[in-house]
Amino acid sequence: MLTSAQDLRFEIHGKYTRGISKEKLTTPKTMSDIRPGYPSSMIEEYTSTEIAVITNGLVSKANGANESLSAEQQSLLQTAEVGSNIEVNVGYIHQNPVTLFPDVRQMHFVITVVPEVEAEYPGGYQELRLYLEKNAIDKVPEAVAKDFGRVLISFTVTEEGKISNPQVTEASKDPETDKLLLKAIRKMPDLKPAMDAEGKKVEQEFGFSVGNVGC
């Protein structure tokens with residue numbers, strides 16, 4: 001969700017880079033099943049693969065030989081819960097086009113297990129945009145907005161749809177404005193909570209970025 005006001009761009013997003021639902025982890029067979037766009041055609045020779053599932057700080061790992069997931073890796077992925085991070089490390093051989101000697105390289109990516117249905121602001125995106133503009137962005141002084149930098153506020157939407165544990169995880173150049181933005185998140189109305197594939201309500205983590213948040 002992305003928009004701009006007062007030359008400040010802002011975005012609220014699930015707190016992850018790549019996401020996958022728990023339902024899609026029940027029968028994965030290959031790396032491509034857990035990461036669309038996986039460059040399987042570019043890798044001719046593997047040295048190893050490792051998958052780690054991190055849940056509430058606990059780390060479990062399983063190894064494999066190539067793009068096809070081992071039985072241990074498949075079983076491990078099925079233990080991942082909503083909010084778990086899946087870290088994948090792939091070792092492979094790449095023919096150096098300059099030296100013509102093989103190089104051992106590493107590929108690393110992280111996938112977060114996300115709810116089947118993500119949390120939603122009452123009235124949807126447009127109402128969320130209006131709320132943030134009125135209660136946060138439009139209150140930022142113009143002089144501050146011109147040289148604001150970037151702030152990131154993290155928070156959780158609980159199973160009841162309430163805002164929990166909002167905090168500034170990346171501060172801007174103006175602490176007072178950071179406090180203003182944090183207050184807007186704290187006072188946000190209850191949201192429709194996220195749900196898993198069985199319709200059970202679950203927590204979901206979000207980030208509120210203001211400033212140089214990209215396109």
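In the predicted model, S84 is placed in the loop that runs between α2 (71–77) and β6 (85–95). With a relative accessible area of 1%, S84 is buried, since residues under 20% are classed in this way. The side chain of S84 takes part in a polar contact of 2.6 Å with the side chain of T55.

Strand β4, which spans residues 45–55, also contains V53. The relative accessibility of V53 is 3%, and V53 therefore counts as buried. Between the C-alpha atoms of V53 and V110 the separation is 9.8 Å in space, against 57 residues in sequence.

P36 belongs to the loop that connects α1 (31–34) to β4 (45–55). In contrast to the two buried residues S84 and V53, P36 is exposed, because its relative accessibility is 71% and the class begins over 50%. P36 and S75 are 39 residues apart along the chain, and a distance of 20 Å lies between their C-alpha atoms.

Two charged patches were identified on the surface, one positive and one negative. The positive patch brings together K134, K139, K183 and K187. Of these residues, K134 is located in helix α3, which covers residues 125–135. K134 is classed as exposed because its relative accessibility reaches 62%.

The negative patch consists of E159, E160, E203 and E205. Within this group, E203 occupies the loop between β11 (201–202) and β12 (204–211). The relative accessible area of E203 is 44%, so this residue is partly exposed.

The C-alpha trace extends over about 55 × 50 × 30 Å along its principal axes. Of the 215 residues in the protein, 41% are buried.

Note on methods. Residues numbered from 1 in each chain as written. Predicted model: local features only at pLDDT ≥ 70, side-chain atom pairs only at ≥ 80, totals over all residues. Heavy atoms only, no water. Patch = residues over 30% accessible without salt bridge, like charges linked within 9 Å, V, L, I, M, F, W, Y side chains within 5 Å. Areas by Shrake-Rupley, 256 points an atom, 1.4 Å probe, with all protein chains shown as cover. Salt bridge = Lys/Arg side-chain N within 4 Å of Asp/Glu carboxyl O. Lys, Arg positive; Asp, Glu negative; His and termini not counted. Charge placed at Lys NZ, Arg CZ, Asp CG, Glu CD. Helix = DSSP H or I, 4+ residues; strand = E, 2+ residues; numbered from the N terminus. Buried < 20%, exposed > 50% of the residue type's maximum accessible area, 1.4 Å probe, protein only. Polar contact = N/O pair within 3.5 Å; in protein donor to acceptor, adjacent residues only side chain to side chain.
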